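These are my notes from a first reading of a structure that was new to me.

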Amino acid sequence: MENLVKGWEVIIGLEVHAQIATKSKLFSSSPTAYGADPNTQVSFYDAAMPGMLPVLNENAIDQAVKSGLGFKGTINNISRFDRKNYFYPDLPSGYQISQLYYPIVTDGHIDIELQDGTTKRINIERIHIEQDAGKSIHDLSPEFSYIDLNRSGVPLMEIVSKPDMRSPYEAMQYVKKLRNILKYVGSSDCNMERGNLRVDANISIHKPGEPFGKRAEIKNINSIRFLGQALEYEIERQIIAHEMGEEIVQETRLFDSSTGETRSMRSKEDAADYRYFPDPDLKPVILSEERIERLKAEMPELPDEKKQRFMSEYGLKATDAAVLIDDKEIADCFERAVQASKFKSSETAKLIANWMISELFAILNKENKTIDTVGFPIEYLAELVDLIVDKTISGKIAKTVFAEMVSTSHKPSDIVKELGLVQIQDEGVIRKVVEEVLTKNPAQVEQYKAGKTQLFGFFVGQSMKALQGKGNPETINKLLQELLRQI
Amino acid sequence: MKNYLTISEVRKGLKSKEFSSHELMQHYLKRIKDYSKLNAYVTIDEDKALASAQQADGRIAKGEDLPLLGVPIAVKDLFCTKGIRTTACSKILSEFVPEYESTVTQNLLNNGSIFIGKTNMDEFAMGSANITSCFGACFLPYRKKSKPDMELVPGGSSGGSATAVASDLCVAATGSDTGGSIRQPAAFSGLVGIKPTYGLCSRWGMVAFASSLDQAGPLTKTVEDAAIMLKAMAGHDPKDSTSENVEIPDYTTFLDQSVKGMKIGIAKEYLEGLNAENLALLEKVKSWLKDAGCEIVEVSLKTTSYALPAYYIIAPAEASSNLARYDGVRYTKRAESFSNIDELYINSRSEGFGEEVKRRILTGTYVLSAGYYDAYYTQALKIQKMIKEDFRDNAFAKVDLILCPTTPSTAFGIEESANMSPVDMYLNDVYTVNANIAGLPAISVPAGLSKDGLPMGVQLIGNRFAEGDIFKVSHVIEKSANFAELRKEIITI
């Protein structure tokens, strides 16, 4: 029970709404492209004109099935759409088509990594498909509200977890991992800024051994950071309320990212009765075994599998592998680089991983770029590592080359030539320089011989400096040891 | 011009240049004015109608030949017609002009037909007397011998279409049938009306009442016309997920096929409580069919009496949801006064919907509510399943068609109907809802006149996609009844 907060256990369950990556809407052929002018992606159906009927986008079904496979869930051969009835100006038909009674996927899980390096399994209760609503815009005019139906009917998957999370950290890890899996599967862009991924968090606290407390549902959280903040705030609020002897009510709350607080939206007493019933305009979704098998065959390697493979195939450390697989694009870049390298050895792979994680990520962070916009193809990094491995340049020079590559987008081999950075391998040349360094610094040599062995680095530095950084460090080391022994 | 022309007569006349489509249209437009008190039509664009007739004449002159080319048709105001106001006879849609054409009407246009106008109906197709229309009641063109002054209802909800056909204000008309809305008015008006198998006609562009039960179909003067119209209206539509992907045969090829050896079932449950006139008519029909070589088989459909209660749960439940879109926000008539969004909804809907529609929305909302859903809706779905199985196992495992009455009575008076309780009104559907609940095709064919001189229909219910059999047997009944002659005895106005 390490997770207790002031003696309280925290119970968190999440409902994640992920926009399914489809070109057209769930039940109409209107496009789903982001950022279009208001009401330019609205069909007669989307506007709920009389007599208009839904036609299911089969691709949305395929994507949901693949997501279910990504979460190791059970794909249901029969699922069905139900109507959730409520009045809202941006819900033109007066009902949202969703799947209450027979969702397309049940029982799945996501393994998340905890701070101590262990993993924890978070169970998924169900995934169902539903339509998004439109958008009401209240701040354009003091007099009128406006409605944009571009989002009306955009396909969503609602991924409902079991109440298995015990801390905001776990909740954030869960969403990160969930997002990663969906991106791998390709079933959602998961762009939280665009509202592709929204989280409703259910949270309650109770004393260990006692029954669960009444839960609050925090709606529509659109960033992982906000999720953490909202949960932290809510835990604090609920603890204070409990300890002040106040009654916690089951209610819906909103997170205000400007204050970091949650506030009550409505309590369960005014909760709507949605009068769910099967949508008579749609037939049940019947998935044949062949179709499920076909989708299974289309499944890409998932993050956990990729991590294992990076460790066994390339000998990467678990932490490095974890960093690389965290973003599918990065993982793909890594593998492309390994493939592009001359040696393709475990050594090269590890070097490429190191260069990506330390140097490349630093640049991406510093310049606020992505691997696509950084200005050089990943194959250049492979070439750079090759130049290190075949001893054309030293690791130190490589950093210079890398910096040059970032600013000029030139090929590493060209940079090395242009700047004359080829490593000096000639032992004769290096020996001459090393001898000179030792002769020029008799005092240091004396101290070294007297036992101050840490001066070895000083000699290396001086030699390297004299060689303008281009000397082969191994040769320098070897010669220095040899010559110092002889003195 | 000869009155009461059928489709084949019109096509013959047009081809032989006996009259033009334009002349025919003028003829109907004039009659509609003469009979405007019947209130059969609610929207007519004369210029458009005449222009389309002229166009058809041009096509005929070029030698084009289509089953309905140049044939003037009336369209129930439930079908969205591009550029022509479509209201479902509700005040709330009184300003709605669709920018699209329903599949069924488009199919008719593709077959060459031309539209005269939109016909009166019960508001959102909810009613059995055509008295709930926001345009006022529509009248049956007939009178009882005993009370020639009494105004009668044409039945509903497709009352306007029935009156338009029966009064010869068009050649044929479209209707829709959720619980009997084609067959009951057809029976009252001495017409043929068929509700096809659920999924045969596309529902796309048809204002929805109860999606799982709604089916379009024709109201016509003859069985042959019904066969021609249904063939033109039906067909798979990828825009309607409940549309069946089946080949639509030329139903006219069934008309003169022999019915010898066909088994016609009479379910005893349909006879319970039936009035003497109806019973006698059924006996007559049975003997005609026997004479034609059919075998009459007694069957039992024990679920029969459960259909009406199940219907009045399922249909309002779906309606309560289907009608939520008429909210005053977009294309529907918005209340003038409101101070917040809830008031906008409440006032627009309170002002825009009539009493019967409100009653059904409330009923539907109630049966779907938490705590009542299982007691009502779930039970109704179970009953629906039982009824389907009953038809499968106890009817169509043994017989080809079921013969039964269409309505408990002949057309009733408008004043009488105004004083009926909702439940008494709902009982009009007692023989027709079964086919909707089970998704089966059913026809009403005029078979005789009551003592009081009003038309009486009988109903044939078939297995799914048995429309061909239905037309075949209907044609025998039509010929035996010689209704064309009987019609002349009816007191018309």
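**Terms and ground rules.** Helices (H or I, at least four residues) and strands (E, at least two) are DSSP runs, numbered from the N terminus. The model is a predicted one, and local features need pLDDT of at least 70, side-chain atom pairs count only at pLDDT 80 or more, while totals for chains, interfaces and linings use all residues. Residues are numbered from 1 along each chain as its sequence is written, and chains are lettered from A and ligands numbered from 1 in the order in which they are written.

**Chain B as a whole.** I counted 17 helices and 13 strands in chain B, and its C-alpha atoms fill a box of roughly 70 × 55 × 50 Å along the principal axes. I call a residue buried if 20 or more other C-beta atoms lie within 10 Å of its own, exposed if 12 or fewer, and partly exposed in between, with C-beta atoms placed from the backbone. By that count 59% of the 493 residues in chain B are buried. Of the contacts in chain B between residues at least 6 apart in sequence, 78% join residues at least 24 apart.

**Helix 5 of chain B.** I then asked how many residues of helix 5 of chain B are buried. For this helix, residues 159-166, the count is 8 of 8, and the buried residues include B:Gly159, B:Ser161 and B:Val165. Among the elements that cover them I found strand 1 (41-44), strand 3 (114-119), helix 6 (183-189) and strand 7 (215-220) of chain B. In the loop between strand 4 (142-143) and helix 5 of chain B I located B:Ser157, which a cis peptide bond with omega of about 10° joins to B:Gly156. Just after the helix, B:Asp168 takes a positive phi of about 60°.

**Two further positive phi values.** B:Asn130 is not a glycine, yet has a positive phi of about 55°; it is placed in the loop between strand 3 and strand 4 of chain B. I noted B:Asn130 as buried because it has 35 C-beta neighbours inside 10 Å. A:Ser409, also not a glycine, has a positive phi near 60° and lies in the loop between helix 10 (395-408) and helix 11 (412-419) of chain A. With 12 other C-beta atoms within 10 Å, A:Ser409 is exposed.

**Strands of chain A.** Strands pair if DSSP finds at least two bridges between them. Strand 11 (residues 197-206) and strand 12 (residues 216-221) of chain A pair antiparallel over 4 bridges, with A:Ala201 standing opposite A:Ile218. Strand 12 of chain A also pairs with strand 13 (residues 251-256) of chain A, in the parallel sense and over 4 bridges, and A:Glu217 has A:Thr252 as its bridge partner there. I also looked at strand 4 (residues 82-85) of chain A, which 4 bridges join to strand 5 of chain A in an antiparallel run.

**Cores.** A nonpolar core is a set of buried Ala, Val, Leu, Ile, Met, Phe, Trp, Tyr and Cys residues joined through C-beta atoms within 7 Å. Which members of the largest core touch the most other members? Of its 221 residues, they are A:Ala64, A:Ala201, B:Ile73 and B:Cys170. Helix 9 of chain B gives the most to this core, with 10 residues. Apart from it lies another core of 36 residues, among them A:Leu324 and A:Val401.

**Where the chains meet.** My last entry is that 34 residues of chain B are in contact with 25 residues of chain A. On the side of chain B that touches chain A, the largest share, 3 residues, comes from helix 9 of chain B.

Note on methods: Two residues are in contact if their C-beta atoms, placed from the backbone, lie within 7 Å.
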